[in-house]
Amino acid sequence: MKKKVVSVLLTAAMLTGLLAGCGSNGGDTQPAADNAADNTQTEAAADTTQTEAAQTEAPADNAADTSADTGEAVTLKWAIWDKDTTPYWQALKDAYEAANPNVTLEMVDLGSADYMTVLATELSGSGSDFDVVTIKDVPGYATLVSKNTLEPLDSYISAAGIDLSQYGGVDKQITVNGSLYELPFRNDFWVVFYNKDIFDAAGVAYPTNDMTFDEYDALARQVADPTFGSQIYGTHYHTWRSAVQLFGVLDGQHSILDGEYDFFKPYYEMVLNEENDQICRNYADLSAEGLHYSAAFSGGDVAMMNMGSWFISTLISNIQSGEYDASLCGNWGMVKYPHAEGVEAGSTLGTITGLSVTSVSDNKDEAFKFVEWVSGAEGAKVMAETGNFPALMNDEVAGIISSLEGFPTDAESKEALSVSNLYLEVPYAENVSEINDILDTYHKSIMNQEMTIDEGIAKMNEEVGKVLGQ
């Protein structure tokens, strides 16, 4: 009985954490790829000279920064948002203070609305005394780096012997002119959810953790049934551009910053052909009706759906509460994203939340120890115990998440929690807001069939080229 109560509490915490914990980039409404640029003022004009100068300086040899070596009492001031509705803030504080009795963490809640803009203002003020700040999104990170308000972490990382490969390549995507200014501690990533009952009824084997796009498309076609009144859709794509375009960046060779987007073409062709053959719902109808992806999947007529890990908590919670009819969607599983030929299985897309040390901190060594702990194995365990997905996913962490009551019991679903390569939906760039808007505009034009695929991509290339000065 005790185990069941704990599991239910974890599920509740998971729902709260995933829906409220990251503001714009968590939750069940819209991923950061499609709206992060709208939620943060990026201040694109970076002072490159000052930034490069800051990168050449070693961490300050601050006389006041002795607590890490002597065990003296130290208070670290930490910028966060939504303290009362995000379980992992307090859990991280309690666990770290218990392991480090000389450290007191003073959490300062700046609110989730315009958090990164408020933080940038705070750090630009002459009286700022934050030691550690939470980084909510990449555009905001770009702003803080350009203002020289964050401490380069390279020498600290080297001294601590941190293996950056444990973050699946994310570190390279947030490196600015050769230096890293944050370490990730939270990650939401994309997987494929599927309805086992639909596959069972069709006598078709379940999706696997190593599907090429050709295999994924063929599988969707095998289970689809266009019969009016009993229609089954083989797959489903929400209206966000990320649900289609970002298939193209899984090879690690391309990103939304390229300026040339011909690599999108095969994925638009696949999705539009599926539309024409009634393998998936029509984009124009979805846009007009405003059908939410959760309603589509829980309706029991969608065999597969690509969506972020934040949807796991929604499924578990709503099935248990009865909001979703368990007879329609209760028998679900998930697998890793499909991939192009030659691309490693487990390559996926994601958004991260990170921690940085401020350049004005008088306790940089102790501040980095906290950043290292939160973004490492111990912090990952705490994150998982509160029902959230840490940036570092190991067997123990995956075991905590997969042991939640309501999580699928099959080995494939648990294995899907393991990511081999994580590519950011919104990589670092000063002009990512403009690029994001252009790609979104012509995605809509292509999917509404107002333009051909070739015409839409040509306009993306032309308009983004102007932004990039090509």
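**Close-up 1. Where helix H5 meets helix H18 in this predicted model.** On the H5 side, look for Leu92, Ala95 and Tyr96; they touch Glu366, Lys369, Phe370, Trp373 and Val374 of H18. Sorted by class, this contact has six nonpolar residues, two charged ones and no polar ones. H5 covers residues 87-99 and H18 covers residues 364-375. The two helices pack at an angle of about 120 degrees, and their axes are 11 Å apart. As for handedness, H5 passes H18 in a right-handed crossing.

**Close-up 2. Tyr194 and Phe199, an edge-to-face pair.** To describe two aromatic rings, you need the distance of the centres and the angle of the planes. The count for this model comes to 34 aromatic pairs. Here the ring centres of Tyr194 and Phe199 are 5.9 Å apart and the planes stand at 85 degrees; planes over 60 degrees apart count as edge-to-face, so that's what we call this pair. Both Tyr194 and Phe199 are buried.

**Close-up 3. Phe247 and Tyr267, a tilted pair.** These rings sit 6.0 Å apart, centre to centre, with 55 degrees between their planes. The pair links distant parts of the chain, as Phe247 and Tyr267 are 20 residues apart. You'll find Phe247 in the loop between helix H12 (242-245) and helix H13 (265-276), while Tyr267 belongs to H13 itself. Phe247 and Tyr267 are both buried.

**Close-up 4. Two lysines over aromatic rings.** Lys77 lies over the face of Phe130, 4.9 Å from the ring centre. Then there's Lys136: its charged end sits over the ring of Trp81, at 5.1 Å from the centre.

Notes
Residues are numbered from 1 along each chain as its sequence is written. This is a predicted model: local features need pLDDT of at least 70, side-chain atom pairs count only at pLDDT 80 or more; totals for chains, interfaces and linings use all residues. Side-chain values use heavy atoms; hydrogens and water are left out. Rings of Phe, Tyr and Trp (its six-membered ring) pair if their centres lie within 6.5 Å; planes under 30 degrees apart count as stacked, over 60 as edge-to-face and the rest as tilted. Buried means under 20% relative accessible area, exposed over 50%, partly exposed in between (1.4 Å probe, protein chains only). Helices (H or I, at least four residues) and strands (E, at least two) are DSSP runs, numbered from the N terminus. A charge sits over a ring if NZ of Lys or CZ of Arg is within 6 Å of the ring centre and within 35 degrees of the ring normal. Axes are lines fitted to C-alpha atoms, for helices over the stretch in contact, and angles run from 0 to 180 degrees between N-to-C directions. A crossing is left-handed if the near helix is turned anticlockwise from the far one by less than a right angle, and right-handed if clockwise. Contact means heavy atoms within 4.5 Å. Ala, Val, Leu, Ile, Met, Phe, Trp, Tyr, Cys and Pro count as nonpolar, Asp, Glu, Lys and Arg as charged, and the others, Gly among them, as polar.
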